[in-house]
Amino acid sequence: MKKSIEELNAIRERMQQNIQVRTENADNTRVVVGMATCGIAAGARPVLTAIVDEVNRRKLKNVTVTQTGCIGVCRLEPIVEIYEPGKEKVTYVNMDENKARQVVSEHLVNQRVVDEYTIGAAK
Amino acid sequence: MEDLSLHILDISQNSLRAGAKNIFIVIRDLPEPDLLEISVEDDGSGMDEELLSRVTDPFVTTRDTRSIGLGIPLLKMAAEMSGGRFNITSETGKGTKIVASFGRSHIDSPPLGDIAETVVTLIQGNPDVRFRYERCTEQGVFSLDTKELAEILQGVPLNEPEVLQWIREYLEDADADI
Ligand SMILES: Nc1ncnc2c1ncn2[C@@H]1O[C@H](COP(=O)(O)OP(=O)(O)OP(=O)(O)O)[C@@H](O)[C@H]1O
Ligand SMILES: [Mg+2]
């Protein structure tokens, strides 16, 4: 079936009814994907898509997925950084779609850092 | 860069970094000669003549994380290698427009790639920027304007997952049509 504007209207009505508008508050975990030339050329776009999809599928609240420019280490792209309140930043490198999904389930759901994908392991 | 949709994502990131609030992306089939033309136009901070004259060199960047800028030189090279052209115009305080064309039947011509994923990625990261995407073929014109979508959504953010999913499918349907 073709997507129609009516459908978008229906989505709006549904969202307006259960107003649990996701607020950007300080308790949120932030997942940041590097989206400059090196990142994009190395595959950052499917990594971002996978993270957004996985966060949504698992209905994770208090997680915001954002994009940034150059993180600075081209040969380690795609790079994903995770900022959790009260914890040290974790930097994942050489990401791909599968690793990204694994990071969502292990790190964000089970609270276990996936050491083998971190920048520390790559150096 | 593997395909044109990735170049478009990359060139649009420049526009976003230049503070653009409106970004207009066009992909056009040109029949004689057989070219595919892409353009990205923004209302960001623009470049002065000096920077503009050097920006297709792979060593020009205003980034501070490294000393090479690659996005624009890569696009120019890809266009010219396929028998197409590259052009950039910019004015300080007004904005920038980049146009690149590709010889479609040339063996070095990159594929178009997943343009729906590029548009959705841009909206996901920048729900408050207005993106207009237009695809012109001999079959007709398709366009998507996030300003119109925002009017329908009445405050529901454009980067809500369900909305992004709708946009992706809407774009994919259009792609199959034209
Ligand atoms: N749309 C634009 N508006 C204003 N300035 C721009 C725009 N596009 C490019 N520039 C300027 O030109 C420079 C070179 O751009 P280019 O895309 O080639 O490299 P970069 O963005 O610096 O790095 P990279 O693309 O490799 O991540 C930028 O740093 C910026 O100063
Ligand atoms: Mg760039």
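Reader: What percentage of the 123 residues in chain A do buried residues make up?

Author: Keep in mind that this is a predicted model. To count as buried, a residue needs under 20% relative accessible area. In chain A, which has 123 residues, the buried share comes to 45%.

Reader: And what pattern does chain A follow, read along the sequence?

Author: Let's start with the pieces: chain A has five helices and four strands. Its C-alpha atoms fill a box of roughly 50 × 35 × 20 Å, taken along the principal axes. Going along the sequence, the pattern is α-β-α-α-β-β-β-α-α.

Reader: Okay, contacts next. Of the contacts in chain A with a separation of 6 or more, what percentage comes from residues 24 or more positions apart?

Author: Contact here means heavy atoms within 4.5 Å. Take the chain A contacts with a separation of 6 or more, and pick out those between residues 24 or more positions apart. That share is 62%.

Reader: Which residues form a disulfide?

Author: Over all chains, the structure holds one disulfide. The cut-off for calling a pair of cysteine sulfur atoms a disulfide is within 2.5 Å. Here the sulfur atoms are 2.4 Å apart, and the pair is A:C38 and A:C74.

Reader: Is that disulfide of A:C38 and A:C74 right-handed or left-handed?

Author: Look at the torsion about the S-S bond of A:C38 and A:C74. It is about 50°, so the disulfide is right-handed.

Reader: How many residues apart in sequence are the parts that the pair ties together?

Author: A:C38 sits in helix α2 of chain A, residues 37-42. A:C74 is in the loop between β2 (63-68) and β3 (80-83) of chain A. The pair therefore ties together parts whose separation in sequence is 36 residues.

Reader: Which residue does a cis peptide bond join to A:E77?

Author: The spot to check is in the loop between β2 and β3 of chain A, where A:P78 lies. Omega is about -10° for the cis peptide bond, and the residue joined to A:E77 is A:P78.

Reader: What is the phi of A:N62, which is not a glycine?

Author: First find A:N62 in the loop between α3 (44-57) and β2 of chain A. A:N62 has a relative accessible area of 42%, so A:N62 is partly exposed. Its phi is positive, at about 55°.

Reader: How do α4(B) and α6(B) run: roughly parallel or roughly antiparallel to each other?

Author: Helix α4 of chain B (residues 115-125) packs with helix α6 of chain B (residues 161-177), their axes 9 Å apart. The angle is about 155°, and angles over 145 degrees count as roughly antiparallel. So the two helices are roughly antiparallel.

Reader: How many residues of the contact of α4(B) with α6(B) are nonpolar?

Author: The α4(B) side includes B:V119, B:V120 and B:I123, while the α6(B) side includes B:L164, B:I167 and B:L171. Alongside one polar and three charged residues, the nonpolar ones number seven.

Reader: Zooming in on B:I123, is it buried or exposed?

Author: B:I123 is in helix α4 of chain B. Leaving aside neighbours within four places in sequence, its contacts include B:F131, B:L158 and B:I167. With 0% relative accessibility, B:I123 counts as buried.

Reader: How far apart in space are B:I123 and B:I167, C-alpha to C-alpha?

Author: In sequence, these two are 44 residues apart. In space, C-alpha to C-alpha, the distance is 9.5 Å.

Reader: Last one: is the crossing of α3(A) and α4(B) left-handed or right-handed?

Author: These helices pack at an angle of about 65°, with axes 11 Å apart. Residues making the contact include A:L48 and A:V52 of α3(A), along with B:T118 and B:T121 of α4(B). The crossing of α3(A) and α4(B) is left-handed.

Conventions. Residues numbered from 1 in each chain as written. Chains lettered and ligands numbered in written order. Predicted model: local features only at pLDDT ≥ 70, side-chain atom pairs only at ≥ 80, totals over all residues. Heavy atoms only, no water. Axes fitted to C-alpha atoms, helices over the stretch in contact; angles between N-to-C directions. Parallel < 35°, antiparallel > 145°, perpendicular 65-115°, else oblique. Nonpolar A, V, L, I, M, F, W, Y, C, P; charged D, E, K, R; others polar. Buried < 20%, exposed > 50% of the residue type's maximum accessible area, 1.4 Å probe, protein only. Left-handed = near helix turned anticlockwise from the far one by under 90°.
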